[in-house]
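This report is written for a reader who is meeting this structure for the first time. Please keep the sequence and the model in view while reading the sections below.

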Amino acid sequence: HIEALLTKKIPSEYDLQALQYFIVNEDLQKLYFCFYEPRLSTKQFFYIEVTREEVQEQVDFYLEHERQVLKEVEEIVINLSF
């Protein structure tokens, strides 16, 4: 929470989480990544806005990766079928 508040960026350990919203919803154009920490008295809640335009290259990369993995899984299932 504090890192995101100070840097105004989503911490790297949450990058894939933010990207996944765009990967599974092709209509999503804007994401509000929210942060809440009730122990902070000054800024308990805030959000960082992410647009599809900002992350489109990464979305394309991971979407293609997911498609390849699903294709491999399908081939394995077919080979295991009678």
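## Salt bridges

The structure, which is a predicted model, holds two salt bridges, a salt bridge being a side-chain nitrogen of Lys or Arg within 4 Å of a carboxyl oxygen of Asp or Glu. One of them is formed by Glu-49 and Lys-30, whose closest N and O atoms are 3.8 Å apart. Because Glu-49 lies in strand β2 and Lys-30 in strand β1, this pair ties together parts that are 19 residues apart in sequence. Glu-49 counts as partly exposed, at 39% relative accessibility, and Lys-30 likewise counts as partly exposed, at 38%; here buried means under 20% relative accessible area, exposed means over 50%, and partly exposed lies in between, with a 1.4 Å probe and protein chains only.

Glu-37 forms a salt bridge with Arg-39, and in this pair the closest N and O atoms are 2.7 Å apart. The side chains of Glu-37 and Arg-39 are also joined by a polar contact of 2.7 Å, a term that covers a pair of N or O atoms within 3.5 Å, where within protein one must be able to donate a hydrogen and the other to accept it, and where residues adjacent in sequence count only if both atoms are side-chain atoms. Is Glu-37 buried or exposed? Glu-37 is buried, with a relative accessible area of 17%, whereas Arg-39 is exposed, with 73%. Glu-37 is found in the loop between β1 and β2, and, when residues up to four places away in sequence are not counted, Glu-37 touches His-1 and Gln-44, contact meaning heavy atoms within 4.5 Å.

## The strand pair

Strand β1 covers residues 30-36 and strand β2 covers residues 45-51; the secondary structure elements are DSSP runs numbered from the N terminus, with helices (H or I) of at least four residues and strands (E) of at least two. The two strands run antiparallel and are joined by seven bridges, and strands are said to pair if DSSP finds at least two bridges between them. Within this pairing, Phe-35 stands opposite Phe-46, while the bridge partner of Lys-30 in β2 is Thr-51.

In β1, the covered face consists of Leu-31, Phe-33 and Phe-35, and the uncovered one of Lys-30, Tyr-32, Cys-34 and Tyr-36. In β2, Phe-46, Ile-48 and Val-50 make up the covered face, and Phe-45, Tyr-47, Glu-49 and Thr-51 the uncovered one.

Arg-52 is found in helix α3, which spans residues 52-80. Which side chain of opposite charge is nearest to Arg-52? It is Asp-60, 6.1 Å away, and Arg-52 is buried yet has no salt bridge, with Lys and Arg counted as positive, Asp and Glu as negative, and His and the chain ends not counted. A polar atom of the Arg-52 side chain lies 3.0 Å from the backbone oxygen of Phe-22, and a polar atom of that side chain lies 2.7 Å from the backbone oxygen of Asn-25. Leaving aside neighbours within four places in sequence, the residues in contact with Arg-52 include Glu-26, Asp-27, Leu-28, Gln-29 and Val-59.

Val-55 also lies in helix α3 and counts as buried, at 11% relative accessibility. With residues up to four places away in sequence not counted, Val-55 touches Leu-19, Phe-22 and Val-50. Val-55 and Leu-19 are 36 residues apart along the chain, and their C-alpha atoms are separated by 7.3 Å.

## A loop residue with positive phi

Lys-8 lies in the loop between α1 and α2 (15-24) and is exposed, at 62% relative accessibility. Although Lys-8 is not a glycine, its phi is positive, at about 60 degrees. Most residues other than glycine have a negative phi.

## Confidence and conventions

The mean pLDDT of the protein is 94, and 100% of its residues reach 70 or more, pLDDT being the predictor's confidence in each residue, from 0 to 100. Confidence is lowest in helix α1 (residues 2-7), at a mean of 90, and highest in strand β1, at 97.

Residues are numbered from 1 along each chain as its sequence is written, and side-chain values use heavy atoms, with hydrogens and water left out. In this predicted model, local features need pLDDT of at least 70 and side-chain atom pairs count only at pLDDT 80 or more, whereas totals for chains, interfaces and linings use all residues.
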